[in-house]
Amino acid sequence: MKKADTVQFLGCHVGMKAPRYFLGSIEEALSYDADACMIYTGAPQNSKRKPVSELRVEEGVALFKSAGWDARQVVIHAPYIINLGNSIKEGAAEFAREFLAEELRRVALIGSKYLVLHPGAHLKEGSETGIKWIAEGLNEILDADESDVMILLETMAGKGSEVGCTFEELQAIISQIHKTDRIGVCLDTCHIHDAGYSLSDFDAVMKSFDEIIGLDRLRVCHVNDSKNPKGARKDRHENIGHGYIGFDLLEAIVSDERLANVIKILETPWVDGKAPYKEEIDALRKGVPADHMSRKPLAPLETLF
């Protein structure tokens, strides 16, 4: 690996709660000395959404622009309840397509450029079937959408019947998309570790990604340690330096010159009821591990809204 001169575009997941909403999200990210952030436009476990007009978007945009950010540094994550790969439950795929199309419109209204999406699960119908349904759903949505928002398919850990735990599966989806310029990838370090990729040889991982998908599609990287050994297919995030990936590897990854323009987002567990992001961002920038001696479980996402 060759290190970039500085670590850029390093941020974290932040909440969006009343009464400050999007403005509060940007304020929270800046309080951690972040220069990027990721938000959900509403609770990820349900379809309830406030109108974008009530989210104080203009104030938030003015604030992040005053900090020198551009729109791609504010990443939106699609809710977990969207499963484009569900071919067995009547109406499920239609709901997923309609909800994702609406979420895409919300992202465009907010002015962000990236919407991260878990590809979906095939529910024991086989990955080939799941890939087909996911691609068909994305085509239906993107063919009708006229924005410039890019949907980023996230690399998955492989739990259950998840689609997208290999680069080959993601490329199989991408190869079927009509508007390929609207599709990118979000690489999650915990997920690919749990899926069986050896981050200790990150050069080989990047070479494989480039050959199969293309590094030009890599726009966001979720930076998380893992509570489980390589190949566990569990998807349980750990604080930076306290899991099976380790601080040195994660620090090398965020410093990698090939990721210099990739937005990097921490999604690590809270410690003693508080977000650890300021300390972890500082640690990764300085190359010196943060000290998290005690911890509590990851705060439920619903507390962030």
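Modeller: Rings of Phe, Tyr and Trp (its six-membered ring) are paired if their centres lie within 6.5 Å; planes under 30 degrees apart count as stacked, over 60 as edge-to-face and the rest as tilted. The model is predicted, so local features need pLDDT of at least 70 and side-chain atom pairs count only at pLDDT 80 or more, while totals for chains, interfaces and linings use all residues. Residues are numbered from 1 along each chain as its sequence is written, and side-chain values use heavy atoms, with hydrogens and water left out.

Ring pairs join Phe167, Tyr197 and Phe209 into a cluster. A search of the whole structure gives six aromatic pairs. One of them is formed by tyrosine 40 and tyrosine 80, edge-to-face, with 5.7 Å from centre to centre and 80° between the planes. Tyrosine 40 lies in the loop between strand E2 (37-39) and helix H2 (57-66), and tyrosine 80 in the loop between strand E3 (74-77) and helix H3 (92-110), so this pair ties together parts that are 40 residues apart in sequence. Helices (H or I, at least four residues) and strands (E, at least two) are DSSP runs, numbered from the N terminus. Tyrosine 40 is buried, at 1% relative accessible area, whereas tyrosine 80 is partly exposed, at 39%. Here buried means under 20% relative accessible area, exposed over 50%, and partly exposed in between (1.4 Å probe, protein chains only).

Phenylalanine 167 and phenylalanine 209 form an edge-to-face pair, 5.2 Å centre to centre and with 80° between the planes. Phenylalanine 167 is in helix H5 (residues 167-174) and phenylalanine 209 in helix H7 (residues 202-212), so the pair ties together parts that are 42 residues apart in sequence. Phenylalanine 167 counts as buried at 1% relative accessibility, and phenylalanine 209 counts as buried at 0%.

Phenylalanine 9 sits in the segment before E1. The phi of phenylalanine 9 is near 55°, a positive value in a residue other than glycine. Phenylalanine 9 is buried, with a relative accessible area of 11%. Arginine 72 lies over the face of its ring, 4.6 Å from the ring centre; a charge sits over a ring if NZ of Lys or CZ of Arg is within 6 Å of the ring centre and within 35 degrees of the ring normal.

Tyrosine 21, in helix H1, has a positive phi of about 50° although it is not a glycine. Tyrosine 21 is buried, at 14% relative accessible area. Proline 19 is in the loop between strand E1 (10-13) and helix H1 (21-31). A cis peptide bond, with omega about 5°, joins alanine 18 and proline 19.
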